[in-house]
Amino acid sequence: MVPDVKPERTSDLKVDLASLRIDRQQPPRRRRRWPLFLFLPVIALFAVLYGLRLRQLLQGVEVSAVTVAGPGPGTSSAGTAVLTASGYLVPSRKAVVSAKIQGRLSELRVEEGSRVREGEIIARLENSDFKAQKQRAAATIMKAEADLAEFRRQTGLAETLAREKIVSQDDLAAARSRVRIAEAVLEQARADAALSQAQYENTLIRAPFDGVILKKMAEVGESVAPIPPGVNLSTSSGAIVALADLDTLEVEADVAESSLSKISVGQPAEIVLDALPDTRFRGRISRIVPTVDRAKATVMTKVKFDAIDPRILPEMSAKVSFLSQDVTAEQQKPMVAVAADAIVQRDGRAVVFVIKEGTAVAVPVTPGKKIGDLIAIAGDVKSGEKVVLKPAENFASGALVKVAK
């Protein structure tokens, strides 16, 4: 039996079910987002400030910089430089070695840079004919010595027979004459042998003094010949090697004739080589050439090193400071100088800010005497490094920097 449902109640139930159905065509309600727009300007401002700061950190603070000056003329570590000059290193003893006779080179025992001793054979010419002459001269001497011995024997026998009245005095005199002739022949043979030996020695090219081979100017198989003195090393024909005694290296520097009164023989000097800018060498004037170059109005001075360094080589360029007094080894230590505005005080000590790979690093220094517009400093600072000029009071070590053009 189906229960009896009233129509009014059924209608209410349908209405309730319809109210629970989702209407998909009705648009959703929008949330109110207007407070977020109030913060957008603030966020943008912070983003701009952060970008500017990041750019500054990446590019670095723009600063002025100066280069640390190394030792040079007029910056003597001791004494006063009364005059400066430039020149080149030249060995006072050098030679272009050639053969005394013309011939073909059969042996060459040296290369560039080879050290040789006086009298050492450095090359040899073809000399088979001279060897044969030596052998012939030696055989001639042997024959002359044998003839002399025989004539002396005969003379001794003639003297015995002459005392016994067996041979005449004329025969004895003839025997003695043969001895004197044999002695003369022997002396001539010895002289010929000496000549052959000298000719043979001429095929052996020996070092005239201790030194170093600077240049090889011939090869095995080439013909060489004697050359006149004073030839140019680079254009000489027939030469074998160029040799120099590096222990005699000295600086040849031109001094203006108007400044000649400021220097004298024996005066101390400091030498700085372009190849070794951080090293100072002590020396003194050994000679002043007594003539003036009319074209340049200069006088050549020769400055000798107190001690030869193995690093120095011929034809290096050099700068010479002629001093008013001698310097000691302690005063000779390398010295650098910077502009006075690059030295500042940090934590009670003097420092300079050295720029290394875009970063400024504070390096403690000890200021010294004033050298022109610069101040000498001692510390872990090298010649050629760049330091910050006039750093600000709040400038600190580790700051990223960019050198202003």
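Which residues of helix α4 are buried, and what covers them?

Analyst: This is a predicted model, so some thresholds apply: local features need pLDDT of at least 70, side-chain atom pairs count only at pLDDT 80 or more, and totals for chains, interfaces and linings use all residues. Numbering starts from 1 along each chain as its sequence is written, and side-chain values use heavy atoms, with hydrogens and water left out.

Start with the helix. α4 covers residues 169–201, 33 residues in total. Helices here are DSSP runs of H or I with at least four residues, strands are runs of E with at least two, and both are numbered from the N terminus. From first C-alpha to last, α4 reaches 48 Å, close to the 48 Å expected at 1.5 Å a residue. The expected span is 1.5 Å times one less than the number of residues.

The buried residues of α4 are Leu172, Ala175, Val179, Ala182, Leu186, Ala189, Ala193, Ser196 and Tyr200. Buried means under 20% relative accessible area, exposed over 50%, and partly exposed in between, with a 1.4 Å probe and protein chains only. The cover over these residues includes β6 (121–125), α3 (128–163) and β7 (204–206).

Take serine 196 within α4. Serine 196 has a relative accessible area of 8%, so it counts as buried. Leaving out residues up to four places away in sequence, serine 196 touches Gln133, Lys134 and Ala137. Contact here means heavy atoms within 4.5 Å. Lys134 turns up again at the ring of tyrosine 200: its charged end sits over that ring, 4.2 Å from the centre. The criterion is NZ of Lys or CZ of Arg within 6 Å of the ring centre and within 35 degrees of the ring normal.

Lysine 165 has phi near 60°, a positive value in a residue other than glycine. At 72% relative accessible area, lysine 165 is exposed.

Isoleucine 101 sits in the loop between β3 and β4 (103–108). Isoleucine 101 counts as partly exposed, at 22% relative accessibility. Its contacts beyond four places in sequence include Gln199, Asn202 and Thr203, along with Leu125 and Phe130.

Next, a sheet. Its four strands run in the order β3-β10-β8-β5; the sheet is open and the pairing antiparallel. β3 (94–97) and β5 (115–116) are the edges, each with a single partner strand, so one side of each has no neighbour in the sheet. Two strands pair if DSSP finds at least two bridges between them. β5 and β8 (residues 211–216) have two bridges, in the antiparallel sense. Arginine 115 stands opposite valine 212 in β8.

Now the cores. The largest nonpolar core has 24 residues; Leu89, Val251, Ile271, Leu273, Val303 and Phe322 touch the most other members. Strands supplying at least two residues each include β2 (81–91), β13 (276–293) and β14 (298–305). β11 gives the most, with four residues. A separate core of 18 residues includes Ile205, Phe209, Ala218 and Leu243. A nonpolar core is a set of buried Ala, Val, Leu, Ile, Met, Phe, Trp, Tyr and Cys residues joined through side-chain atoms within 4.5 Å.

The whole structure holds two aromatic pairs. Phenylalanine 281 and phenylalanine 305 are edge-to-face, at 5.8 Å centre to centre and 80° between the planes. They sit in strands β13 and β14 respectively, 24 residues apart. Phenylalanine 281 is buried at 6% relative accessibility, and phenylalanine 305 at 5%. Phenylalanine 353 and phenylalanine 395 are edge-to-face too, at 4.9 Å and 85°. Rings of Phe, Tyr and Trp (its six-membered ring) pair if their centres lie within 6.5 Å; planes under 30 degrees apart count as stacked, over 60 as edge-to-face and the rest as tilted.

Last, the chain as a whole. There are four helices and 22 strands. Of the 405 residues, 32% count as buried.
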